[in-house]
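Biologist: I'd like to learn how the words we use for a structure are tied to cut-offs. Could you take me through some examples?

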Amino acid sequence: MWTRHVSGKLAAYADGELTPRAAQQVELHLARCPRCRREQAEVRFGLAMMERLPSIEAPDTIWAAIDANPADRRQAVMSAGRPWRLAFAAAVLVAVAGAAIWRVAQPSEAQWEVHRIEGRPAVAGRVVSGAGQVGIGEWIETDAGSRATVAIGAIGSVEVGRNTRVRVVATRPEEHRLALDRGQIHATISAPPKLFFVDTASGTAVDLGCEYALSTDEDGSGLLQVTRGWVSFQWNGLESLVPAGASCQTRPRMGPGLPYFDDATDAMKQALAIFGREKVDRGALDVILAESRVRDTLTLWHLLSRVEASERARVYDRMAALTPVPAGVSREKALELDAATLTRWREELAWTW
Ligand SMILES: [Zn+2]
């Protein structure tokens, strides 16, 4: 099913040397491909090991222009030593087997730390004046003048905004989960995909390695805004994939709306809001198609499977007019919503997202 495994890009990705767009593409692939995720864990492990052992076997030339300052030394290993680092990572990749490395490296924590930012945030009904702990099943609550930060185990942090109610559901290494009852959180996560989840009344935000803001009310009306990486918002078999720079409205009993780039035209955003409320609004569909740019194939790709079959050909034709349809994607299969075809197309389109 996968035509482009990303094995060859993983070391450069771990080193932060890919362009943001290429990095996004790798992240999307990783989120969907267990094979590449296993390899990524091995590459990370290799690089992490190497950074702990910076003086072993490094070629002498690396140290030539470096004084004794440890920070400078580390910097030099990061830059000058890259080929050596990658060779080491490749060697570890061969030597290390198994997919559970990340879990071994990240010990379980039953309690997470909470820090007050302002006001009087409360955990389980008790005001946190400086720092406190929150455990499974406990609520973090803020009022109109309070904010707090929660450490999400070892993988990141969540800022709890004002007037927010959020509960800790799971703190396992393979499942860090919050339930957002109402209000707003800002999550910054640095971990392999699918370790951090936020449940809301209209679906679940699944972290694919990212930074995002999520707001919701008790009904599930809300907004997801992604600033780095990807988030998958899921509800009842429906999924919206939201990359950096894009947002997605969520709605009670309808789940995630169509994702759209924040720099889309106002006319397109208004049409998307209407389209979400009244599914068969042809006028709104006309505007969405007419206003779409190449990167708005993000929206159109999701739209393909959410319009009636009678409208689907129009969406396909607009996409095909905006950007060449790749080999392996046929009109017929796309209109049938053949899963492999849509995946293949998305992989190509995502280069423009
Ligand atoms: Zn792969």
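**From cut-off to name**

Modeller: Gladly! In β15, E239 is the bridge partner of Q234. This is a predicted model, where local features need pLDDT of at least 70, side-chain atom pairs count only at pLDDT 80 or more, and totals for chains, interfaces and linings use all residues. Residues are numbered from 1 along each chain as its sequence is written, and side-chain values use heavy atoms, leaving out hydrogens and water.

Biologist: What makes β14 and β15 a pair of strands?

Modeller: Two strands pair if DSSP finds at least two bridges between them (strands are DSSP runs of E, at least two residues, numbered from the N terminus). Here 6 bridges join β14 (residues 230-235) to β15 (residues 238-243), so the antiparallel strands count as paired.

Biologist: Why is the contact of R293 with D296 called a salt bridge?

Modeller: The term asks for a side-chain nitrogen of Lys or Arg within 4 Å of a carboxyl oxygen of Asp or Glu. The closest N and O atoms of R293 and D296 are 2.8 Å apart, so the pair qualifies.

Biologist: How do you know that D296 is buried?

Modeller: Buried means under 20% relative accessible area, exposed over 50%, and partly exposed in between (1.4 Å probe, protein chains only). D296 has 0%, so it counts as buried. R293 has 29%, so R293 is partly exposed.

Biologist: And what makes R344 buried?

Modeller: Its relative accessible area is 16%, under the cut-off, so R344 is buried too. The R344 side chain meets that of E348 in a salt bridge (3.3 Å, N to O).

Technical notes: Helices (H or I, at least four residues) and strands (E, at least two) are DSSP runs, numbered from the N terminus.
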